[in-house]
Amino acid sequence: MTRDDLFNINAGIVKGLIEVIAEVAPKAFILIISNPVNSTVPIAAEVLKAKGVFNAQRLFGVTTLDVVRAETFVAEITGESQPQKLNIPVIGGHSGETIVPLFSQAKPSVTIPSEKLADLVKRVQFGGDEVVKAKDGAGSATLSMAYAGFRFAEKVLKGLSGEKGIIEPSYVFLSGVPGGDAVQKETGVDFFSVPIELGVSCRKTSIRTNANKHDSQMVQRKLTTLSLTSTTTRRLSSRQQWKDSRATSRRESTLPTTHHKSKFFYSSFRSTMTKENTNMIITA
């Protein structure tokens, strides 16, 4: 299944879920892990804006799987037996070459042999393909994705409980995040994965800290792709076909059975949520 296939299926599902969230839990922290994240997060933002409840500091695209892969693959090279002891920021997007691992900013610092660097970057960017191939096309990276979702959600909860210094990259709307305007001006894109400090709200941390020439060049090469994705998604979100119920019905008739089943899920989802008891939601 390509990311275009994922978009055709997941875009409508995410839109429906976010509409319910906007209605019954408008102040919830929303963590979106549904691929393609580069598109589903902007769709969620447009829906929330249309409902008048958009808060960029409560909407997160979960890109933690890229961080987990970077830590794991670097640990294999350096001989570190516990990858979780490494901290490697990954910025940009959450799809193929838009993923930019910043090995130069790893803590503790690591040395990657120059002859292994290109392959390492590609493996972080396309690690999911390894899993699909290993499963002979019968599945994808579901277990590691579940772990990544758990890890990010746990950090959000720690931040909400008052713990300080909880930092994790996330795909966010830059202009709505404190300090994000500078990154938006530098990159020219509206959505970008940057390290943020998680708490009652989120605070962006700088992405300029000691990035070497290789890292900076990678970022610049990926900005065009991210900009095109963001622009295209906004156009799709605002098109009349998203607002016209008859067009929606025609589109649903061509989608897989799972999309039709989501109608029942929407009603069940609405009935289990209240404005009083819902603080965080993950769409998967």
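Which strand does Glu-197 lie in? In this predicted model, Glu-197 sits in strand E6, which covers residues 191-198. That's a charged side chain by class, and yet Glu-197 counts as buried, because its relative accessibility comes out at 18% and the cut-off for buried is under 20%.

Eight of the eight residues of the strand are buried, so E6 is largely enclosed by the rest of the structure. In a regular strand, side chains alternate between the two faces of the sheet. For E6, both faces are covered: one side carries Phe-191, Ser-193, Pro-195 and Glu-197, the other carries Phe-192, Val-194, Ile-196 and Leu-198, and every one of these is buried. E6 pairs with E5 in the antiparallel sense, over seven bridges. Within that pairing, Ser-170 stands opposite Val-194 of E6. Strand E5 (residues 167-173) has six of its seven residues buried, so E5 too is largely enclosed by the rest of the structure.

Zooming out for a moment, the protein comes to eleven helices and eight strands. Of its 284 residues, 48% count as buried. Take the contacts between residues at least 6 apart in sequence, and 70% of them join residues at least 24 apart.

Another strand worth a look is E1 (29-32). Phe-29 and Leu-31 point one way from E1, Ile-30 and Ile-32 point the other way, and all are buried. E1 pairs with strand E2 (residues 59-61) over three bridges, this time in the parallel sense. Leu-31 has Phe-60 as its bridge partner in E2.

Most peptide bonds are trans, but the one from Asn-35 to Pro-36 is cis, with omega near -5°. A cis peptide bond also joins Lys-107 and Pro-108, where omega is about -5°. Pro-108 is placed in the loop between strand E4 (99-101) and helix H4 (114-125). Phe-103 belongs to the loop between E4 and H4 as well. With a relative accessibility of 6%, Phe-103 counts as buried. From Phe-103 to Pro-89 is 14 residues in sequence and 7.6 Å in space, C-alpha to C-alpha.

Now for some helix packing. Two packed helices are described by the angle between their axes and the distance between the axes. Helix H3 (residues 64-78) packs against helix H6 (residues 142-160) at an angle of about 110°, and the axes are 8 Å apart. H3 and H6 are therefore roughly perpendicular to each other, since angles of 65 to 115 degrees count that way. On the H3 side, the residues in contact are Thr-64, Leu-65, Val-67, Val-68, Arg-69 and Glu-71. They meet Ser-144, Met-145, Tyr-147, Ala-148, Arg-151 and Phe-152 of H6. Sorted by class, this contact has seven nonpolar, two polar and three charged residues.

Conventions: Residues numbered from 1 in each chain as written. Predicted model: local features only at pLDDT ≥ 70, side-chain atom pairs only at ≥ 80, totals over all residues. Heavy atoms only, no water. Axes fitted to C-alpha atoms, helices over the stretch in contact; angles between N-to-C directions. Helix = DSSP H or I, 4+ residues; strand = E, 2+ residues; numbered from the N terminus. Parallel < 35°, antiparallel > 145°, perpendicular 65-115°, else oblique. Contact = heavy atoms within 4.5 Å. Buried < 20%, exposed > 50% of the residue type's maximum accessible area, 1.4 Å probe, protein only. Pairing = 2+ DSSP bridges.
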